[in-house]
Amino acid sequence: MKLHEKILSATIFAIALGGSAMTDASAKTLIYCSEAAPDGFDAATTASGATYDASARNVSNGLIKIKRGSTELEPGLAESWDISADGKEYTFHLRPGVKFQTTEYFTPTRDFNADDVIFTFDRQGNKNNPYYGKGLWPQFNSYSFPSLINKIERIDDHTVKFVLNRPEATMIASLSLTFAVIQSKEYADKLLAEGKSDQFSLMPIGTGPYQFIDYQTDTAIRYQANPDYWGGKQKIDNLIIAITPDAAVRYQKLKAGECHVMAYPNPADLAEMKTDPSIHLMQKEGLNIAFMAYNTLIAPFDDVRVRKALNMAINKQAIIDAVYGSTGIVAVNAMPPGVWAYNKEVKDDPYDPEQSRKLLTEAGVKDLSMKIWAMPVQRQYMPNARRTAEMMQSDLAKVGVKVEIVSYDWTEYLKRSLEKERDGAVIIGWTGGIADPDNFLAALLGCQAIGSGNRANWCNQDFEKLIQAAKLTTDQAERTKLYEQAQVVFKEQAPWLTIAHQVVQQPVSVKVKDFRIDPFGGNLFEGVDIDE
């Protein structure tokens, strides 16, 4: 182990031993080696999976939960709900006796109630809310909540009604997403009165299984089991997220027992992991996609012929073989085959450099220079964006296109990649938050998602009419027809190069008990145990 790695390990274990709860010899500690630092602790303000893990998924709860390790919905902070006959009113009956966490920086004086639900959504959609300017609210906007919600009414402490402007087939499922975890209005009001509102996204308070203790920037985040959790105190006393960007270092730390669960292994290490008796290599089909989004507002990428030409110039199977190995499959549509309504009849753009050159000539484009943005981090859908970009660079050079590869810090990358003036094409991806086509097609390609999830800045009215019509009916057969047609339009217009879907591989220490792979890409530690 290198010196800096030894120092990092010592730092993490020093953090683990700090604090009164850590001194109990019987206390159980689990260390998760994450691939990236969070950009804060407020999931509603970001599209960062590392932030979702560090906040919403382990610290907080939504009205609706997803059953661990599945795509099945179950009650969360709402015990039950009623839906009106016209599909425009959703009345939620809230779980009584739920307590927000008591920490060194906040002591609640009341239980969770309807006011917290209203505040959670009002801060994202009401420009007059003092917290509105604290975020860009990418998920709230991507899922069309600004145009969907008419009002939210407080019936009593334990009853709240959402009144919608239209029926929404994905309403209940959308409330299981990370932007919809319930925040404490009392905590927000306290910080506002003290002039400390920025602390809201840095020192989180939730109702979830683990409560935040401290964060050593870019090194480690420390949590303790919430003693008042409505779902019962966790078997893990101390949870630590050790930020370890290098996959090789994460693997070494797992082998050394310095972390117990690791994110995103290198595909080249999987064979060795399978033979290691100290590691349980878990596997599950993921609901993910990697793609390269062209900025369709900027010439020449506003010309479908140019987009098609670039797609035909890139050998995607070679990228799969070199970057993903046995864990990847070529992506054809804008969503993975595991999502219902996937259109199997859609054909992929062939790898055809000769036809690529013809299309570029037909479009009047020659001596094209462009930028390809390469993600600086590993993700469930993308093991190595830099290597992927280099292979694209080589392929495009063969058809006369010169490529410059650029990258930024992950938080900056996410922010800049949404800009309408962005130059070139950005490699990125998505792991669905719900198992519904809307979670891919509308959230990533809908007109209302421009500026939040739609990095192609693509607004096609034929496509938009289809996905909006699919939201208005609960008839799955009808929705399937509409989404199948939308996928045809997407493929014809090619706002993306669809790259790959990856089978999720999760290396876990054999000491860890009942960890379950989340098909939506999260790392959740509720219900997990460890032998020490």
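User: Is cysteine 33 buried or exposed?

Analyst: The model is a predicted one. Burial is judged by relative accessible area, and under 20% counts as buried. Cysteine 33 has a relative accessible area of 0%, so cysteine 33 is buried. Cysteine 259, at 1%, is buried as well.

User: How many disulfides does a search of the whole structure find, and which cysteines form a disulfide?

Analyst: A disulfide is a covalent bond between the sulfur atoms of two cysteines. The search of the whole structure finds one. Its partners are cysteine 447 and cysteine 459, with sulfur atoms 2.0 Å apart. The torsion about the S-S bond is about 95°, so this disulfide is right-handed.

User: Where do cysteine 447 and cysteine 459 lie, and is cysteine 447 buried or exposed?

Analyst: Both cysteine 447 and cysteine 459 lie in the loop between H16 and H17, so the pair ties together parts that are twelve residues apart in sequence. Cysteine 447 has 18% relative accessibility and therefore counts as buried. Cysteine 459, at 39%, counts as partly exposed.

User: Which residues of helix H17 are buried, and what covers them?

Analyst: A helix is read by asking which residues are buried and which elements lie over them. H17 spans residues 461-471, and its buried residues are Phe463, Glu464, Leu466, Ile467, Gln468, Ala470 and Lys471. The elements that cover these buried residues include helix H16 (438-445) and helix H18 (476-493). At the start of H17, the backbone nitrogen of aspartate 462 has a side-chain oxygen of asparagine 460 within 3.0 Å.

User: How many aromatic pairs does the search of the whole structure find, and how is one of them read?

Analyst: Ring pairs are described by the distance between centres and the angle between planes; planes over 60 degrees apart count as edge-to-face. The search finds 31 aromatic pairs. In one of them, phenylalanine 100 and phenylalanine 112 have ring centres 6.5 Å apart and planes at 70°, so the pair is edge-to-face. Phenylalanine 100 and phenylalanine 112 both belong to the loop between strand S5 (89-94) and helix H4 (114-125), twelve residues apart. Phenylalanine 100 has a relative accessible area of 2% and is therefore buried; phenylalanine 112, at 1%, is buried too.

User: What is the geometry of the pair formed by tryptophan 340 and tyrosine 483, and which parts does that pair tie together?

Analyst: Tryptophan 340 and tyrosine 483 are also edge-to-face, at 6.1 Å centre to centre and 70° between the planes. Tryptophan 340 is in the loop between strand S14 (328-330) and helix H13 (353-362), and tyrosine 483 is in helix H18, so the pair ties together parts 143 residues apart in sequence. Tryptophan 340 is partly exposed at 21% relative accessible area, whereas tyrosine 483, at 0%, counts as buried.

User: Which residues form one aromatic cluster, and which charged end sits over the ring of tyrosine 251?

Analyst: One cluster is formed by Phe41, Tyr105, Phe106, Phe119, Tyr131, Tyr187, Phe200, Phe212, Tyr215 and Tyr223. Over the ring of tyrosine 251 sits the charged end of lysine 255, 4.6 Å from the ring centre.

User: How many residues has the largest nonpolar core, and which have the most contacts inside it?

Analyst: A nonpolar core is traced through side-chain contacts among buried residues. The largest has 151 residues, and those with the most contacts inside it are Leu63, Phe92, Phe121, Phe162, Ile427 and Ile499. A second, separate core has 13 residues, among them Leu254, Cys259, Met262 and Met273. Leaving aside residues up to four places away in sequence, phenylalanine 121 touches Phe140, Phe145, Ile152, Phe162, Leu175, Phe179, Ala180 and Ile182.

User: With which side chain does the side chain of tyrosine 52 make a polar contact, and with which does that of asparagine 523?

Analyst: For a polar residue, one reads its location, its burial and its partners. Tyrosine 52 is in helix H2 (residues 49-54) and, at 9% relative accessibility, counts as buried. Its side chain makes a polar contact of 3.2 Å with the side chain of glutamine 139. Asparagine 523 is in the loop between strand S19 (512-513) and strand S20 (529-530) and, at 4%, counts as buried. The side chain of asparagine 523 makes a polar contact with the side chain of glutamine 506, at 3.5 Å.

Conventions:
Residues numbered from 1 in each chain as written. Predicted model: local features only at pLDDT ≥ 70, side-chain atom pairs only at ≥ 80, totals over all residues. Heavy atoms only, no water. Buried < 20%, exposed > 50% of the residue type's maximum accessible area, 1.4 Å probe, protein only. Helix = DSSP H or I, 4+ residues; strand = E, 2+ residues; numbered from the N terminus. Contact = heavy atoms within 4.5 Å. Polar contact = N/O pair within 3.5 Å; in protein donor to acceptor, adjacent residues only side chain to side chain. Phe/Tyr/Trp six-rings, centres within 6.5 Å; stacked < 30°, edge-to-face > 60°. Lys NZ or Arg CZ within 6 Å of the ring centre and 35° of its normal. Core = buried A, V, L, I, M, F, W, Y, C linked by side-chain atoms within 4.5 Å. Disulfide = S-S within 2.5 Å.
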